[in-house]
Amino acid sequence: MIKNNLVLVVAMLFAFVACSNGTTAQQQSTETKIVEKQKVIIPDMTKVELNTSLGTIVVGLYKETPKHHDNFVKLVKEGYYDGVLFHRVINNFMIQTGDGNSKTAKPGQMLGTGDPGYTIEAEFVYPKFFHKRGALAAARTADQVNPERRSSGSQFYIVTGKAYNEQQLMQMEHQMQQMNLQSIFQAKAAAHQKEIMKLRMARDTAGTEALRQQLIAETEAEAAKNPVKLTDAQREAYSTVGGTPHLDNQYTVFGEVLEGMDVVAKIEAANTDRNDRPTEDIKIISAKVVE
């Protein structure tokens, strides 16, 4: 089964080698559930207040992701986030901000590339921290250009997502398993890039197939050591408050909303253009660390 699912990925990778980054009572209930969950799981967090044009959001930063924690605090104290727009908003998914260029953006201007000029090493504390509704996570560029999944130096998003039933969670879990297999195989294929190239140039079909089978076997063995499976906490959160489970272990989750999910919901409901930018600017007026 695994081998069949990997065939297309393998073929594409070998071919590639040859050719060469959005209050109701229900919302209030959701916010209460999120706050209660985080108090039990991780009570010691640094609090940051985001004063937006639609209200105040208070986020908590995890100490277990120190590089992201310290960088976020530094940028807040420097005033980096003061005036930035929520430049990407997608209903039932997330709201994104942190592009420094958005402070002076003209109406309709495409945004999303602004940052301080550096990236941050990924800090996956998974499955403890995952993409439940209200999670605070770092944006990043795609795997194709960022295989180490390093985070943007400033851009972040707050998860809104949606709730899933059991069948949907099972399907999502399966997709996550396939993504994990592909990720493992891609890393192994990249490590054998020169060998693959040499075999293809020599038209060594038998050698290429032998290497393919070797990489598949190694991928299966590595995946079996750390199987991808939703935890009880994930299943409870994703079936009640909701979230975006397909992003788990792909982007660094480094905090969560403690207060203001009603404000997040207002931002999420904004009208947007074809690039997912709100048609009327929504901004972080100021940000500060709550001592």
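**Figure 1. Valine 58 in strand S2 of the predicted model.** Valine 58 is found in strand S2, in a structure that is a predicted model. With a relative accessibility of 7%, valine 58 counts as buried, because buried means under 20% relative accessible area. Setting aside residues up to four places away in sequence, valine 58 touches Lys47, Val48 and Glu49, and also Glu256, Val257, Leu258 and Glu259. One of these contacts, valine 48, stands ten residues from valine 58 in sequence, and the two C-alpha atoms are 5.7 Å apart in space. The bridge partner of valine 48 in S2 is, however, valine 59.

Figure 2. The chain holds eight helices and ten strands, and eight of the strands form an open sheet with antiparallel pairing, in the order S3-S4-S8-S6-S9-S2-S1-S10. Strand S3 (86-90) and strand S10 (284-290) are the edge strands, each of them pairing on one side only. On average, and with direction ignored, neighbouring strands of this sheet are turned by 25° against each other. Within the sheet, strand S1 (residues 45-52) pairs with strand S2 (residues 55-62) in the antiparallel sense, over eight bridges.

**Figure 3. Tyrosine 81 and the nonpolar cores.** The largest nonpolar core has 29 residues, of which Ile57 and Tyr81 touch the most other members. Not counting residues up to four places away in sequence, tyrosine 81 touches Phe72, Leu75, Val76, Gly98, Ser154, Phe156, Ile284 and Ala287. Another core, of 15 residues, lies apart from the largest one and includes Met94, Phe129, Ala137 and Val253.

**Figure 4. The salt bridge between aspartate 44 and lysine 63.** The side chains of aspartate 44 and lysine 63 meet in a salt bridge, at 3.7 Å from N to O. This pair links distant parts of the chain, 19 residues apart, with aspartate 44 in the loop between helix H2 (25-41) and S1 and lysine 63 in the loop between S2 and H3. Both residues are partly exposed, aspartate 44 with a relative accessible area of 48% and lysine 63 at 39% relative accessibility.

**Figure 5. Lysine 74 and glutamate 78 within helix H3.** Lysine 74 forms a salt bridge with glutamate 78, and the closest N and O atoms of the pair are 3.5 Å apart. Because lysine 74 and glutamate 78 are four residues apart in helix H3, about one helical turn separates them. An α-helix has 3.6 residues a turn, so residues three or four places apart point the same way. Lysine 74 counts as partly exposed at 36% relative accessibility, whereas glutamate 78 is exposed, with a relative accessible area of 54%.

Figure 6. Lysine 188 forms a salt bridge with glutamate 222, in which the closest N and O atoms are 3.2 Å apart. Because lysine 188 lies in helix H4 (residues 166-191) and glutamate 222 in helix H6 (residues 205-225), the pair ties together parts that are 34 residues apart in sequence. Lysine 188 is buried, with a relative accessible area of 18%, whereas glutamate 222 counts as partly exposed at 36% relative accessibility. Elsewhere, salt bridges that share partners join Arg140, Asp143 and Arg149 into one network. The count of salt bridges comes to 14.

**Figure 7. Helix H7 and the glycine that follows.** In helix H7 (residues 232-240), the buried residues are Gln234, Arg235, Ala237 and Tyr238. Glycine 242 follows H7 and has a positive phi, near 90°.

Notes
Residues numbered from 1 in each chain as written. Predicted model: local features only at pLDDT ≥ 70, side-chain atom pairs only at ≥ 80, totals over all residues. Heavy atoms only, no water. Helix = DSSP H or I, 4+ residues; strand = E, 2+ residues; numbered from the N terminus. Pairing = 2+ DSSP bridges. Axes fitted to C-alpha atoms, helices over the stretch in contact; angles between N-to-C directions. Buried < 20%, exposed > 50% of the residue type's maximum accessible area, 1.4 Å probe, protein only. Contact = heavy atoms within 4.5 Å. Core = buried A, V, L, I, M, F, W, Y, C linked by side-chain atoms within 4.5 Å. Salt bridge = Lys/Arg side-chain N within 4 Å of Asp/Glu carboxyl O.
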